[in-house]
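Hello,

Here is the structure I promised to pass on. Please open it first, then read my notes below.

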Amino acid sequence: MTKPRILLIVGGGIAAYKSIELVRLLRKSGMTVRCVITRAGEQFVTPLTLAALSENKVYTNLFDLKDEVEMGHIQLSREADLVVVAPATADLLAKMAAGIADDLATTLLLATDKPVLAAPAMNVRMWLHPATQRNVATLRGDGVTVLDPDEGEMACGEYGPGRLPEPAAIFAAIESRLSNPLASSAVEAPPLPSRVSTSLDTNGSLDHQPDFAPENHRPLFGRRILITAGPTHEPIDPVRYIANRSSGKQGFAIAAAAAEAGAEVLLIAGPVPLPTPPGVIRVDVETAVEMAEEVRQGLPVDAAIMVAAVADWRAADTSAQKIKKDGSGAVPPLALAENPDILAGVARSPDRPPLLIGFAAETNDVIAHAEAKLAKKGCDWIVANDVAADPMGGESNRVHIVSKNGIDSWDRLPKAAVARKLMEKIADELDARSPRHSD
Ligand code: C5P
């Protein structure tokens with residue numbers, strides 16, 4: 001069987017260097033690669049490098065008359081089994097969606113009768129811009145496989161979706177596309193695990209996009225922060241569960257503030273119907289046991305903030321079928337088992353974060369209970385709040401930060417303001433303990 005032939009279009013952008021590794025992977029698997037590089041791409045990768053690795057001529061200019069004789073652009077666009085655009089810039093995606101053909105790369109893309117796979121790479125705001133999202137939707141509708149960009153820290157210092165997927169992931173998507181010729185936009189790689197989501201899933205607009213300030217105004221830039229939020233649900237049978245009144249609002253506000261402050265944020269959320277704050281990686285869980293496992297996997301971090309109202313107990317046995325009334329008036333026994341204390345477990349773990357923060361919702365003797373909890377849980381701070389005065393689910397909080405250095409009591413503030421003030425305090429504390437990687 002002949003090995004597949006790939007026409008690789010290398011767009012501009014800092015991620016263009018990853019196309020070199022992609023060519024290497026394609027060649028290693030025996031595929032033939034022909035490269036076309038845009039003028040912007042040439043600013044980042046030289047045609048000579050791509051020629052050496054692909055062992056083929058690299059095409060750069062539509063008006064190369066000699067090539068028009070040797071091999072016209074129509075032929076070039078059609079001799080491949082798959083056309084791959086990596087990195088696909090916002091500009092290239094826009095031109096592809098609009099059918100603009102004003103250079104060799106876009107002319108080939110318009111002329112080809114072969115499947116096309118695009119791996120986007122751009123600044124997070126450019127990716128999230130409604131114009132780009134519209135173009136991606138158009139292209140997917142046209143049958144182009146547009147991969148989701150990776151999420152993470154970008155060359156420009158911002159954080160979010162927009163990074164070029166790793167070459168190995170693009171390679172896997174190419175293989176998958178080639179083995180499934182009828183597939184189009186259905187092949188979306190590289191997938192984040194299904195339990196992982198980002199603001200894009202729930203909030204594709206820029207409405208709540210944080211204002212990314214220069215690095216020195218983002219006091220948590222270079223820090224990784226784990227946050228738990230919301231309640232947990234502990235199933236009794238397929239239709240019933242044990243729950244509590246936690247709304248998740250304070251934890252989500254903290255995750256949003258941490259991302260705005262430049263941190264890489266992992267939010268492990270119990271079942272709450274709240275949108276994912278921009279720039280936050282969210283993992284949804286249901287039970288305390290699931291939350292404990294995700295927290296374990298999320299370590300190590302620079303700081304962990306355990307805001308979740310984890311159920312203390314779960315049903316000792318869950319019934320696979322709905323428990324029925326038998327008409328006798330007898331009440332079914334509900335035996336409980338104690339859940340793992342996630343916060344205390346993290347405090348004891350070898351991966352204990354340098355700064356470990358617990359929350360305490362109390363209805364009486366708030367400070368005394370918080371001081372006792374600080375020692376019992378082995379954390380650095382307890383953020384205590386009086387839920388007798390304002391039950392869970394409200395929009396504001398009056399908190400006291402209890403640590404071995406004393407008690408810092410704040411006025412009642414909106415939850416977003418509590419979150420921002422907490423981020424300032426955390427940034428100061430982390431900076432005092434260890435300078436940032438970026439400093
Ligand atoms: O013991 P209590 O529930 O009052 O402690 C509250 C703090 O401990 C919160 O930070 C909460 O997220 C954390 N916690 C936990 N795992 C539990 C119970 C509480 O991480 N099973």
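Which residues are closest to the ligand, and how many surround it? The shell holds 14 residues, and the closest are Met306, Val310, Ile342, Leu343 and Gly358. A residue counts as near a molecule if its C-beta atom, placed from the backbone, lies within 6 Å of it. Two elements give two or more residues to this shell: α13 (342–348) and β18. β18 gives the most, with three residues. The shell divides into nine nonpolar, three polar and two charged residues. Here Ala, Val, Leu, Ile, Met, Phe, Trp, Tyr, Cys and Pro are nonpolar, Asp, Glu, Lys and Arg are charged, and the others, Gly among them, are polar.

Two notes on the basis. This is a predicted model, where local features need pLDDT of at least 70 and side-chain atom pairs count only at pLDDT 80 or more, while totals for chains, interfaces and linings use all residues. Residues are numbered from 1 along each chain as its sequence is written.

Now the overall picture. The protein has 15 helices and 23 strands. These are DSSP runs numbered from the N terminus: helices are H or I with at least four residues, strands are E with at least two. Of the 439 residues, 43% count as buried. Buried means that 20 or more other C-beta atoms lie within 10 Å of the residue's own; exposed means 12 or fewer, and partly exposed is in between, with C-beta atoms placed from the backbone.

Next, the open sheet. Six strands form it in the order β3-β2-β1-β4-β5-β6, with parallel pairing. β3 (58–59) and β6 (145–146) stand at the edges with a single partner strand each, so one side of each has no neighbour in the sheet. Helix α2 (residues 47–54) packs on this sheet and touches β1 (5–10), β2 (32–37) and β3. The direction of α2 makes about 170° with that of β2. Such axes are lines fitted to C-alpha atoms, for helices over the stretch in contact, and angles run from 0 to 180 degrees between N-to-C directions. Contact means that the C-beta atoms of two residues, placed from the backbone, lie within 7 Å.

Inside the sheet, β4 (residues 82–88) and β5 (residues 116–120) pair over four bridges. Strands pair if DSSP finds at least two bridges between them. Valine 85 has alanine 118 of β5 as its bridge partner. β4 also holds proline 87. The peptide bond from alanine 86 to proline 87 is cis, with omega near -5°.

Proline 300 sits in the loop between α12 (288–298) and β15.

What about positive phi? Glutamate 55, in the loop between α2 and β3, has phi near 55°. Aspartate 365, in the loop between β18 and α14 (366–377), has phi near 45°. Most residues other than glycine have a negative phi, and most peptide bonds are trans.

Last, helix α15. Its 19 residues (415–433) should span 27 Å at 1.5 Å a residue, and the end C-alpha atoms are 27 Å apart, which agrees. The expected span is 1.5 Å times one less than the number of residues. Buried residues of α15 are Lys415, Val418, Ala419, Leu422, Met423, Ile426, Ala427 and Leu430. Their cover includes α11 (249–260), β15 (303–306) and β18 (355–362).

Best wishes
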